[in-house]
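Trainee: I'd like to learn how to read pockets, cavities and helix packing in a model. Can you walk me through one?

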Amino acid sequence: MGRYLRVYRVLGQTFGLWFRPFGAFTLLQLRQLVSAITLGLDHLCYPRHRNQAIDRPIFIIGNPRSGTTFLHRLLLGAGDMAAFELWEMLFPAITARKLLGGIVPRLDKLSPARYHPSDVHETSLRGIETDDVAWFFRTMDGPFAWAYFLAWQDKWGSELSRREFGIDGVTPHEEERFFDYYDACWRRNLTLKGAGRVLAKTSMLTMRLDAVLRRYPDCKLVYVIRDPVEVIPSGMSLLASVLENGYDVWNRTKEADQRRWVENLYQASCDMLRHFHEAHAAGKIPERNLCIVRYEDLIHDLESTMDRILDFVEIKPSEEFLDEVREQAARQRSYSSKHGHSPSQFGLTPERIRADLGFVYPAFGLSDRAG
């Protein structure tokens, strides 16, 4: 309840919304009750999920808007992997999905996905989504809670912000609680879908690399890297669009709060890139666990890039999937995005971003043509 109160105070003090959140909070509490009951029922109705192995889980990590969603959804078609649809993270229990599978996916009018601009990030209750959402629904904390709400009144680098991202100050008990919940969800998903491997897209784990490798020493980390001049304003734009569609934030908030929020998101984005780079440069991630993928290669050289990823994750694809990759590569060669996200929209410049994150370009062989 303390986490709900913390978000509620921000909604009231920053957005002037003191009554509207009660409806959403009530629905989330009802979801929590249904989820708790059905997770318990799984032990009676589907006990085999407890013995489900998590073998070489595949984690797609990196900053939001790096191309991780594209890769996540495409790679799932290679077969024998299970990922979550958005509604399945609301109700991860096998029992709940059996009972509600014909109802919940039709309730898009109540879905948080309705606030997402479909031309930037298309999603729905039936869309394959980032696993980060599951923790937000479960606890009302983590990177989603901080980026959307708490960052309006917090400061990046605070004890709260670092705990929300799992950087430090996380006790062994909290770490165990975090991974135990995901373990339980992933085992159920594999059991229900009859798949052999977890395929998760999660930016959260980019900041929890030590813990991930301790918990899953055989995991496959696919890190997607994109020019910061492109990725940072794109990520900010998505968050801003969701808040504008849901809360009309630019008309409700003070200019000082807006500047604080933007600066906090910028610093968090920089630290996410910096955290991975430092771990990689220090040799903390074994080569057997890591595949680095540049966004520009996904766009301009998809077929050979996908071959490399498939070889790394040890998946032998079907001919149908390889045909799909070839067709997608052909579409990309003739596609031109209609959407650009200028750093100036958020008071940033390409020069500042490159100065703060100059190490990214030589470390990952990125061009600096963006902006």
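This is a predicted model: local features need pLDDT of at least 70, side-chain atom pairs count only at pLDDT 80 or more; totals for chains, interfaces and linings use all residues.

Trainee: Okay, how do the residues lining the second largest pocket divide by class?

Mentor: There are seven nonpolar, three polar and seven charged residues in that lining. In total, 17 residues line the second largest pocket, and Ile167, Met207, Leu209, Asp210 and His275 lie nearest its centre. Its volume is about 300 Å³.

Trainee: Which helices each supply at least two residues of that lining?

Mentor: Look at helix H10 (209-215) and helix H13 (255-281). H10 gives the largest share, four residues.

Trainee: And cavities? How many of 30 Å³ or more does the structure hold?

Mentor: A cavity is a space where a 1.4 Å probe fits but cannot get out, whereas a pocket is open. Here there is one cavity of 30 Å³ or more. The largest cavity holds about 40 Å³ of space.

Trainee: Which residues line the largest cavity?

Mentor: You'll find Asp131, Phe178, Phe179, Tyr182, Trp186, Thr202, Met204 and Leu205 around it. Sorted by class, that makes six nonpolar, one polar and one charged.

Trainee: Now helix packing. At what angle do H3 and H15 pack?

Mentor: Helix H3 (residues 68-75) meets helix H15 (residues 302-313) at about 70°, and their axes are 12 Å apart. Angles of 65 to 115 degrees count as roughly perpendicular, so H3 and H15 are roughly perpendicular to each other. On the H3 side, Phe70, Leu71, Leu74 and Leu75 make the contact; on the H15 side, Leu302, Met306, Ile309 and Leu310 do. By class, this contact has eight nonpolar residues, with no polar and no charged ones.

Trainee: What about H11 and H13: what angle do they make?

Mentor: Helix H11 (residues 228-247) packs against H13 at about 135°, with the axes 11 Å apart. That angle makes H11 oblique to H13. The crossing of H11 past H13 is right-handed.

Trainee: Which residues of H11 and H13 meet there?

Mentor: From H11 come Pro228, Ile232, Met236, Leu239, Ala240 and Leu243, and they meet Trp261, Val262, Leu265, Tyr266, Ser269, Cys270 and Leu273 of H13. Try the classes again: the contact of H11 with H13 has twelve nonpolar, one polar and no charged residues.

Methods
Residues are numbered from 1 along each chain as its sequence is written. Side-chain values use heavy atoms; hydrogens and water are left out. On a 1 Å grid over the protein atoms alone, a cavity is a set of points where a 1.4 Å probe fits but cannot get out, and a pocket is an open set with protein on both sides within 12 Å along at least five of seven lines; lining residues have an atom within 4 Å of a point. Grid points are joined across faces, edges and corners, and a volume is the space filled by probe spheres set on the points. Ala, Val, Leu, Ile, Met, Phe, Trp, Tyr, Cys and Pro count as nonpolar, Asp, Glu, Lys and Arg as charged, and the others, Gly among them, as polar. Axes are lines fitted to C-alpha atoms, for helices over the stretch in contact, and angles run from 0 to 180 degrees between N-to-C directions. Angles under 35 degrees count as roughly parallel, over 145 as roughly antiparallel, 65 to 115 as roughly perpendicular and the rest as oblique. A crossing is left-handed if the near helix is turned anticlockwise from the far one by less than a right angle, and right-handed if clockwise. Contact means heavy atoms within 4.5 Å.
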